[in-house]
Amino acid sequence: MHAPVPDPSSAPLTYDQAGVDYGRIDPLKISAQRAAAGTAVHLVAHGMAEVAASRGESAYVVDAGPFYIASIVECLGSKALVADAMQRLTGRAWYDAIAQDTIAMAVNDLITVGATPLVIQAYWAAGGSEWFDDAARAQSLVAGWKAACDRCGVAWGGGETPALAGIVEAGRVDLAAGCTGIVRPKSRLSLGDRLAPGDAIVLLGSSGIHANGLSLARKLAERLPLGYLTEVEPGSTLGAALLAPTVLYSPVTEALAAAGVAVHYAVNVTGHGWRKLLRHPRALGYRVHRLPPVPPVLEFLARQAGLADAEAYGTLNMGAGFALFVPAEQAKRCVEVARGCGVAAWDAGRVEDGPKRLCIEPLGIVFEGDALELR
């Protein structure tokens, strides 16, 4: 089975049309951040203080005196729907893979601030108690969750498994994870205060779609005659390729710290695609001169959905799941350490003086600073 030729009469499928409009979502995030900032005063009673620069970053940081504490909560999103569909088609429970995705969503955000992950908490909200009757699926989730914790060297502290009939759809489950970590020594904190022109942009490879863009992928699967069983490359179906688990990047950041590589800033390339490289609020430019290979499943999605390069790179990770900003003289070592951890890496670009924009030179794409508004 080979991928069908796109019907030229079909309209391109955008992420907004798939039901995810960041233009509507982001204003609420900004409003919540501003309200939340007023609660930081409560930390003073405990002899602590927030690190204000962490507001709007991927993890929240508290100054606990001799070290920093970082925390984050993240959900899997709609990837569980793909796992459910593939279980019906193949008879296999794919929840070990999406368990890793869920943990990666939290851990990969936490490590952007320089934290070592310590504890993971689970939130598995089912549409009813009957969801837990499928023992193979439930045990797949447990096994995958523990394996991902072991890979990251974190303790699984516990969690919550509510049955939320009427809130979560019957037969479905909503997966989320909370993660707490420590920044020690405090010099590991990476909130971008050292980010400067001349720094190297090192991109770390992705395993595929990770856990962002699944709404688009599901809509596309509905258009295809063979759906998730469409072949995206020899021996790999669309469904299986979409369920390749997200790379866990914490082994890389821990190895970089041990190797003495100074990370000035880090970005988890999730929602908003490569626009996430514009996350830091300073007026700096980011010029990418080398592209990582695009995973076949992402190339397939972009082609079948009729996405222009700017739409694809502004929505999907397109082969780069994480970005590290390090001193230029340490870029080579950074790449070596990442590859030593089994993660592909490339010295892909440089930070420049402003104005704030991202230039992806090989594709002629420019994202201006206002392409990402998270604060």
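Student: Which residues in helix α7 (residues 250-259) are buried?
Tutor: Keep in mind that this is a predicted model. A residue counts as buried when its relative accessible area is under 20%. By that cut-off, the buried residues of α7 are S250, P251, V252, T253 and L256.

Student: What do the buried residues of α7 pack against?
Tutor: Contact here means heavy atoms within 4.5 Å. The partners include the strands β4 (116-126), β7 (200-205) and β12 (320-326). The helices among them are α3 (95-110), α4 (135-152) and α10 (331-340).

Student: Stepping back, why is the protein chain said to be as compact as a globular protein of its length?
Tutor: The chain's secondary structure comes to 10 helices and 15 strands. For 375 residues the globule rule gives 21 Å, and the chain is as compact as a globular protein of that length because its radius of gyration is close to this, at 20 Å.

Student: What percentage of the contacts between residues at least 6 apart in sequence join residues at least 24 apart?
Tutor: For background, 53% of the 375 residues count as buried. As for those contacts, the share joining residues at least 24 apart is 82%.

Student: How far apart are the mean positions of the positive and negative charges?
Tutor: The protein chain has 32 positive and 37 negative charges.

Terms used: Residues numbered from 1 in each chain as written. Predicted model: local features only at pLDDT ≥ 70, side-chain atom pairs only at ≥ 80, totals over all residues. Heavy atoms only, no water. Buried < 20%, exposed > 50% of the residue type's maximum accessible area, 1.4 Å probe, protein only. Helix = DSSP H or I, 4+ residues; strand = E, 2+ residues; numbered from the N terminus. Rg over C-alpha atoms; globule rule 2.2 N^0.38 Å. Lys, Arg positive; Asp, Glu negative; His and termini not counted. Charge placed at Lys NZ, Arg CZ, Asp CG, Glu CD.
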